[in-house]
Amino acid sequence: MTDLPKHVEIHEEGPREGFQIEPGPISTADKIRLIEALAETGLHHIQACSFVSPRIVPGWADAEDVVSGFTPKEGVEYTGLWFNANGLNRALIFRNKLTIASSIALTASEAFTQKNLHRSHAENVEAMKKQTELHLANDVPVPRIGVMAAFGCNYQGDIAPSQVIRTLEDGLEIAAAAGAEIKYFSLADTMGWATPMRIERVLGEVRNRWPETPIALHLHDTRGLAVANAHAGLKMGVTQFDSTVGGLGGCPFAGQKGAAGNICTEELVLLCEEMGIDTGVDLDALIEVGRMAESIVGHVLPSELVHAGSLDAFRRQVA
């Protein structure tokens with residue numbers, strides 16, 4: 001039994017994730033060029049930058065210059081990423097240009113929480129309470145609970161659906177205490193442990209517990225199953241996915257050097273198109289932007305479509 005959506009919203013994270021990990025340097029002008037080109041493909045959500053420490057993430061030392069420099073397209077939502085009060089304050093300067101919203105970010109793996117954040121899950125819950133209160137005090141909505149390592153973890157192994165449920169319950173308790181209105185959950189396959197069966201099992205459990213709450217998926221392609229996992233999610237009615245053009249980015253914090261990052265945007269769009277699901281994205285234009293991204297970073301990107309082209313492009317040749 002399937003529950004295919006008619007339309008899928010794609011949240012493009014290529015600029016932020018890609019330029020965060022590239023050894024670079026990538027010029028501010030090239031970052032702006034990619035953001036503006038993505039906006040012309042029909043994408044409505046683009047994560048443009050990270051407001052993080054330039055000492056830790058030198059690739060985004062020019063975040064303010066990039067946001068100041070790009071020309072926004074009407075109907076496109078641009079966002080940024082931050083992790084602390086300093087990053088929030090930097091983002092708030094651009095409220096006229098960026099959509100400023102946050103999330104309650106938790107991890108289903110205790111071991112990954114320790115490795116990534118150097119604190120326990122309980123300590124992270126307390127930190128999220130304070131962060132949620134800070135955001136709401138600054139009139140920043142917190143509509144999302146995000147769960148990393150929702151399908152498995154390189155440090156802890158398999159993650160049971162029950163652990164994902166408990167993590168979401170913790171997030172909802174944080175939201176209720178702070179007065180945040182949660183509109184959807186985001187489940188992340190941070191380290192590429194998901195398989196279609198795992199997707200079905202975890203989503204099934206979450207939907208049984210909260211049948212009215214939409215679920216978004218963040219699928220890494222570490223083991224080449226991201227498209228298969230997206231297919232499983234689509235069959236269960238998922239209508240929102242994170243992705244990166246060309247497969248920009250990677251997974252530097254997951255204990256697997258060189259691992260692939262997010263599902264490629266153009267491969268996700270192709271999958272949806274061939275299933276009769278609308279994305280609003282011009283796939284051929286997006287592929288050209290993927291080629292631009294490859295030229296900007298100066299090395300081959302993971303996307304097969306950047307090199308092979310779309311099916312429609314070949315259909316037109318043989319028509």
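Eight strands are arranged in an open sheet with parallel pairing, in the order β3-β2-β1-β8-β7-β6-β5-β4; strands (E, at least two residues) and helices (H or I, at least four residues) are DSSP runs, numbered from the N terminus, and two strands pair if DSSP finds at least two bridges between them. From one strand to the next, the twist averages 20°. The model is predicted: local features need pLDDT of at least 70 and side-chain atom pairs count only at pLDDT 80 or more, whereas totals for chains, interfaces and linings use all residues. Residues are numbered from 1 along each chain as its sequence is written, and side-chain values use heavy atoms, with hydrogens and water left out.

Within the sheet, strand β1 (residues 9–12) pairs in the parallel sense with strand β2 (residues 45–50) over two bridges. His11 has His45 as its bridge partner in β2, and Glu12 stands opposite Ile46 of that strand. The pairing of β1 with β8 is likewise parallel and extends over four bridges. In β8, the bridge partner of His11 is Asp242.

Helices also pack against the sheet. Helix α8 lies across β6 (184–189) and β7 (215–219), and runs at about 155° to β7; axes are lines fitted to C-alpha atoms, for helices over the stretch in contact, and angles run from 0 to 180 degrees between N-to-C directions. Helix α10 (residues 265–274) packs on the sheet, where α10 touches β1 and β8 (240–243), and the direction of α10 makes about 175° with that of β1. Contact here means heavy atoms within 4.5 Å.

The axes of helix α7 (residues 161–178) and helix α8 (residues 196–209) come within 9 Å and cross at roughly 45°. That makes α7 oblique to α8, as angles under 35 degrees count as roughly parallel, over 145 as roughly antiparallel, 65 to 115 as roughly perpendicular and the rest as oblique. In the contact between these helices, Pro161, Val164, Ile165, Leu168 and Glu169 of α7 meet Arg201, Val202, Glu205, Val206 and Arg209 of α8. The contact residues divide into six nonpolar, no polar and four charged, where Ala, Val, Leu, Ile, Met, Phe, Trp, Tyr, Cys and Pro count as nonpolar, Asp, Glu, Lys and Arg as charged, and the others, Gly among them, as polar.
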